[in-house]
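Visitor: Please show me how to read this model, feature by feature.

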Amino acid sequence: AGTTRSRTATRRRRRRRSRRRRLAAQQAAAAQQAWQQQLAWQQPVAQPVQVVKMDAASCERELDALFEKELALQGAISTDAAAAALSASVVRSALLPHQLQALAWMMAQEDEATPPPASVYERRLEKGQEVWFCTVTNSSTAVKPHGARGGLLCDDMGLGKTLTTLALIAVNQPDGVRLSGAAPAAPAAP
């Protein structure tokens, strides 16, 4: 009789454990499903992209046209504003003309009041629908892309990238923030 009771108790414990495991698995599955549903509404809906294949020559022509467009825009950037901002900053080193030009370009890239200086997207009409065509990837999207800011300062070694970048930091301070122009105190003589 004692063996039968212990077997019955063991079976009951196993059934309870099995029920708990099933319940835990169901709860985990429900939590995962709820999490996936929550993520689903947060993710943007993918827009169809149309890819246009180009040969090497037409791709090179597109890139050359984009480069010429950027050069024309760079020519329109005046170094006068950069020179004025630099003279009012804590930078005491004189910038060379190419450094001043780089500073003016970087200031224009970071200025949020003006539209981005160059864009690789063109507004086009395809199959009766307005799309944005990327001249670099040769793809189209119906959603207007965000303008890109920033850039890369890729001068050769020794041409003053560090000084130009420090000058940008000095002239591009938020309102109310002023860098100190005082020289550090000399150590006391023993």
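**Rings, helices, confidence**

Visitor: How many aromatic pairs does the structure hold?

Guide: Rings of Phe, Tyr and Trp (its six-membered ring) pair if their centres lie within 6.5 Å. The structure holds 0 aromatic pairs. This is a predicted model: local features need pLDDT of at least 70, side-chain atom pairs count only at pLDDT 80 or more, and totals for chains, interfaces and linings use all residues. Residues are numbered from 1 along each chain as its sequence is written, and side-chain values use heavy atoms, with hydrogens and water left out.

Visitor: Which charged end sits over the ring of F133?

Guide: The test takes NZ of Lys or CZ of Arg, within 6 Å of the ring centre and within 35 degrees of the ring normal. Here R124 has its charged end over F133, 3.7 Å from the ring centre.

Visitor: At what angle do helix α3 and helix α4 cross?

Guide: Axes are lines fitted to C-alpha atoms, for helices over the stretch in contact, and angles run from 0 to 180 degrees between N-to-C directions. The axes of α3 (residues 80-87) and α4 (residues 97-110) cross at roughly 95° and come within 8 Å. So α3 is roughly perpendicular to α4 (65 to 115 degrees).

Visitor: Which residues of α4 make the contact?

Guide: Contact means heavy atoms within 4.5 Å. From α4 come L100, L103, A104 and M107, meeting A81, A82, A83, A85 and L86 of α3.

Visitor: What is the mean pLDDT of the chain?

Guide: pLDDT is the predictor's confidence in each residue, from 0 to 100. The chain's mean is 77.

Key:
Helix = DSSP H or I, 4+ residues; strand = E, 2+ residues; numbered from the N terminus. Parallel < 35°, antiparallel > 145°, perpendicular 65-115°, else oblique. Phe/Tyr/Trp six-rings, centres within 6.5 Å; stacked < 30°, edge-to-face > 60°.
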